[in-house]
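Q: Please take a close look at one part of this chain. Then set that part in the context of the rest.

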Amino acid sequence: MRGGVLRTISSWLALAFGLSLAVLEVVRNWGHWEWWPFWLVDYISASMLVAGGLTALKTRATPLLCAAWGFSCAMFWMSFFGHLDEAMKSLALLTPRDRSLTTAIGGMFVITVVGMTTALWASIMPERRR
């Protein structure tokens with residue numbers, strides 16, 4: 001695949017993922033918001049992804065897109081392995097909601113790895129000239 005195709009895929013994935021992340025954060029915390037740094041970082045990530053996706057689609061520049069995916073990947077890495085660690089400590093006490101949340105965060109972590117990989121490849125692959 002050429003860089004332009006990878007950039008487009010990563011950009012649209014960033015837009016969809018960023019907007020979904022913002023909505024899912026509201027749904028998850030509605031009525032019982034956690035300590036503010038835990039949810040603010042999700043909105044920073046979502047904002048960076050949307051800005052990076054739009055910038056890459058408009059200008060064909062990928063640095064902001066790569067940074068957004070890198071930030072999001074690191075955030076989901078910590079979230080997933082933090083939840084997994086808690087799950088391993090109290091396996092018998094896990095509720096179905098805890099299992100579902102850990103699984104969902106793991107899936108979102110995988111998406112960030114895919115997004116980051118495609119953005120990085122797009123930044124080093126040449127575009128097809130017409």
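With which residue does R28 form a salt bridge, and how far apart are the closest N and O atoms?

A: R28 forms its salt bridge with E34. The closest N and O atoms of R28 and E34 are 3.6 Å apart. Keep in mind that this is a predicted model. The cut-off for a salt bridge here is 4 Å, so the R28 and E34 pair qualifies at 3.6 Å.

Now take the exposure of each partner. R28 has a relative accessibility of 24%. That lies between the limits of 20% and 50%, so R28 counts as partly exposed. E34 has a relative accessible area of 33%.

D85 forms one with K89. There the closest N and O atoms are 3.2 Å apart. D85 and K89 sit in helix α3, which covers residues 63-89. They are four residues apart, so about one helical turn separates them. D85 is partly exposed, at 37% relative accessibility. K89 counts as exposed because its 61% is over the limit of 50%.

What about charge as a whole? The chain has 11 positive and 7 negative charges. Their mean positions are 19 Å apart.

The chain has four helices and zero strands. From the N terminus on, the order is α-α-α-α. The C-alpha atoms fill a box of roughly 60 × 25 × 20 Å along the principal axes. Among contacts between residues at least 6 apart in sequence, 75% join residues at least 24 apart. Buried residues make up 35% of the 130 residues. The accessible surface comes to about 8,100 Å². Carbon and sulfur atoms account for 72% of that surface.

The loop between α2 (36-59) and α3 holds R60. Its phi is near 70 degrees, a positive value in a residue other than glycine. R60 is exposed because its relative accessible area, 54%, is over 50%.

Next, the buried polar sites. S10 lies in helix α1, residues 3-29. With 0% relative accessibility, S10 counts as buried. The side chain of S10 makes a polar contact with the side chain of W69, at 3.0 Å. Setting aside residues up to four places away in sequence, S10 touches L65, W69, G115, T118 and A119.

S72 is in helix α3. S72 is buried too, with a relative accessible area of 0%. Beyond its neighbours within four places in sequence, S72 is in contact with S45, L49 and T112.

Helix α4 covers residues 96-124 and contains I111. I111 is partly exposed, at 32% relative accessible area. Leaving out neighbours within four places in sequence, the contacts of I111 are L13, F17 and W69. W69 is thus a partner of I111 and also of S10, by the 4.5 Å contact rule. I111 and W121 are ten residues apart in sequence. In space, their C-alpha atoms are 15 Å apart.

F109 lies in helix α4 as well. With a relative accessible area of 14%, F109 falls under the limit of 20% and so is buried. Sequence neighbours up to four places away aside, F109 touches C73, F76, W77 and F81. F109 and M75 are 34 residues apart in sequence. Their C-alpha atoms are 8.5 Å apart in space.

Back to the part you asked about. R28 pairs with E34 at 3.6 Å. S10, by contrast, is buried at 0%, and its side chain has a polar contact with the side chain of W69.

Methods
Residues numbered from 1 in each chain as written. Predicted model: local features only at pLDDT ≥ 70, side-chain atom pairs only at ≥ 80, totals over all residues. Heavy atoms only, no water. Helix = DSSP H or I, 4+ residues; strand = E, 2+ residues; numbered from the N terminus. Buried < 20%, exposed > 50% of the residue type's maximum accessible area, 1.4 Å probe, protein only. Polar contact = N/O pair within 3.5 Å; in protein donor to acceptor, adjacent residues only side chain to side chain. Areas by Shrake-Rupley, 256 points an atom, 1.4 Å probe, with all protein chains shown as cover. Lys, Arg positive; Asp, Glu negative; His and termini not counted. Charge placed at Lys NZ, Arg CZ, Asp CG, Glu CD. Salt bridge = Lys/Arg side-chain N within 4 Å of Asp/Glu carboxyl O.
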